[in-house]
Each structure stands twice: as C-alpha cells, then as structure tokens.
Amino acid sequence: MPLRELARTRWQEYFDGVSKALGAQRVTVEVTGLGLGDQIAANRIALTGLTYDPHDDALTVFAEGLQHRIRQPRAVHIDHDVEWLHSVEAVDGEGNHHIIQLSEPLSLPGKA
C-alpha cells in the first residue's frame, strides 16, 4: 500500500494510539538525506512508544536504549491499511527522511 500523509492535526492523537497498541514490537529506524546518505539509527530493537509533542514540535521514537527525535517534522506519511500499521516516514525540518519500519504489522483499532 502506498504511503499516505497524516494530517498534522492528528499526529499527537495518532501516535498516542500507536503507543497504546504496542506489544512486543521491534523496529528499525533508517535516516536518509542528501548530506547524510543512508544511516541505520536502530536495527530491530524493542519499540516502546511513538509520540508527537506539539510544544517542542518533535516526533520521538522510544525504543530499547534509544530516543530518536525528529525535530520540526514537515510531513508524516504512514503505510497503513484497514487494520495494520506497517511503517511511518517523517520528513524533518532539514529535509531528511526518517523511516520507522515495524518488524511485524501493528494492529490498530479504528482507522487512520
């Protein structure tokens, strides 16, 4: 399924719901950008939460031994079908892409 943009007004509520639905989920976080190339920030580590803080304007991935902050996100895209979340891609204020790939699709209540 193609990535779909998630409206900024929904970011906080959506990621709070994702965090509540997490079980024993593993995550890989990849960062790509013109000045960075491709970098792996995390590889199949335990994911404990995703949150968007509108006051700091930051999306944060909480995982085993990692707090990966995406500052001033311009856009958030989700790979989500009717019931399952597969991945999240956020573009930060500098134009770098942060790809949050779940090891297994995450079942979420309701629609995105």
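Analyst: Strand β2 and strand β3 (residues 37-53) run antiparallel and are joined by seven bridges. Two strands count as paired if DSSP finds at least two bridges between them. Helices (H or I, at least four residues) and strands (E, at least two) are DSSP runs, numbered from the N terminus. The model is predicted: local features need pLDDT of at least 70 and side-chain atom pairs pLDDT 80 or more, while totals for chains, interfaces and linings use all residues. Residues are numbered from 1 along each chain as its sequence is written, and side-chain values use heavy atoms, with hydrogens and water left out.

User: How many residues does the hairpin use to join β2 to β3?

Analyst: The hairpin connects β2 to β3 through three residues. Within the pairing, E30 stands opposite I40 in β3.

User: Take T28, then. Buried or exposed?

Analyst: T28, which is placed in strand β2, counts as buried at 18% relative accessibility.

User: Which residues is T28 in contact with?

Analyst: Leaving aside neighbours within four places in sequence, T28 is in contact with I40, A42, N43, R44, I99, I100 and Q101; contact means heavy atoms within 4.5 Å. The side chain of T28 also reaches the backbone nitrogen of R44 at 3.2 Å. That is a polar contact, a pair of N or O atoms within 3.5 Å; within protein, one must be able to donate a hydrogen and the other to accept it, and residues adjacent in sequence count only if both atoms are side-chain atoms.

User: What is the phi of R44?

Analyst: R44, in strand β3, has a positive phi of about 55° although it is not a glycine. Most residues other than glycine have a negative phi. D57 also has a positive phi, near 50°, and is likewise a residue other than glycine. D57 is found in the loop between β3 and β4 (58-63) and counts as partly exposed at 21% relative accessibility.

User: Changing topic: how many aromatic pairs are there?

Analyst: A search of the whole structure finds two aromatic pairs. W11 and Y52 form an edge-to-face pair, with 5.0 Å centre to centre and 85° between the planes. Rings of Phe, Tyr and Trp (its six-membered ring) pair if their centres lie within 6.5 Å; planes under 30 degrees apart count as stacked, over 60 as edge-to-face and the rest as tilted.

User: Which parts does that pair tie together?

Analyst: W11 lies in helix α1 (residues 11-21) and Y52 in strand β3, so the pair ties together parts that are 41 residues apart in sequence. W11 is buried, with a relative accessible area of 1%, and Y52 is buried at 7%.

User: And what about Y14 and F15?

Analyst: The ring centres of Y14 and F15 are 5.4 Å apart and the planes stand at 80°, so this pair is edge-to-face. Both Y14 and F15 are buried.

User: Back to β3. Is T48 buried or exposed?

Analyst: T48, in strand β3, is exposed, with a relative accessible area of 55%. Not counting residues up to four places away in sequence, T48 touches L22, F62 and A63.

User: Where is F62, and what does it touch?

Analyst: F62 is in strand β4 and is partly exposed, with a relative accessible area of 27%. Beyond residues up to four places away in sequence, F62 touches L47, T48, G49, T51 and Q67. The C-alpha atoms of F62 and G49, 13 residues apart along the chain, are separated by 4.9 Å.

User: Finally, what does the secondary structure of the protein come to?

Analyst: It comes to one helix and eight strands, in the order β-α-β-β-β-β-β-β-β from the N terminus on. Of the 112 residues, 41% count as buried. Among contacts between residues at least 6 apart in sequence, 46% join residues at least 24 apart.

Key: Buried means under 20% relative accessible area, exposed over 50%, partly exposed in between (1.4 Å probe, protein chains only).
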